Amino acid sequence: MAIGLMFALAALAVADVPYLGVRERDGELAALKAFGWPSAALARLIVTEGVGVGVVGAVAGAGVGLAVTLAVTGTAVAVGALVAGAVAVLLAGLASVAPAVLVQRLPPARVLARE
């Protein structure tokens, strides 16, 4: 139960990063859309950024987890770290889908008129 809650909170934290990135760069993304980038390409960009954040977090978390486990028990649980890292990357990808959908709904004319 605790591990599931930890992954859920981590997914929300990771989802927040691409969402804020989309909100901060909405002018740039709208300009790309206005220049002819397909919505699918913009969505792929946002999901790729989210997966990148997940990979960095998973590598750091698994590395620290392995180091602490090795220091405390004298053995490393590499399979558990790899599974946790893979789940973290998967959740990061899934969590960045909502910001990717948000990018597809950006009205370029209205966003660029604010800039």
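This is a short tour of the model, stop by stop, for you to follow in your viewer.

Before you click anything: this is a predicted model, where local features need pLDDT of at least 70 and side-chain atom pairs count only at pLDDT 80 or more, while totals for chains, interfaces and linings use all residues. Residues are numbered from 1 along each chain as its sequence is written, and side-chain values use heavy atoms, with hydrogens and water left out.

**Stop 1: the whole chain**

Show the chain as a cartoon. You'll find six helices and zero strands (DSSP runs numbered from the N terminus, H or I with at least four residues for helices, E with at least two for strands). Its radius of gyration is 18 Å, well over the 13 Å that the globule rule gives for 115 residues, so the chain is more spread out than a compact globule (the radius is taken over C-alpha atoms, and the rule is 2.2 Å times the number of residues to the power 0.38). Along the principal axes, the C-alpha atoms fill a box of roughly 60 × 25 × 20 Å.

**Stop 2**

Pick G4, which sits in helix α1. With 44% relative accessibility, G4 counts as partly exposed (buried is under 20% relative accessible area, exposed over 50%, partly exposed in between, using a 1.4 Å probe and protein chains only).

Next, go to A40 in helix α3. A40 is partly exposed too, at 44% relative accessible area. A100 is 60 residues away from A40 along the chain, yet the C-alpha atoms of the pair are separated by 8.7 Å.

**Stop 3: the largest pocket**

The largest pocket has a volume of about 430 Å³. (On a 1 Å grid over the protein atoms alone, a pocket is an open set of points where a 1.4 Å probe fits, with protein on both sides within 12 Å along at least five of seven lines; lining residues have an atom within 4 Å of a point. The volume is the space filled by probe spheres set on the points, which are joined across faces, edges and corners.)

Helix α3 gives the largest share, nine residues.
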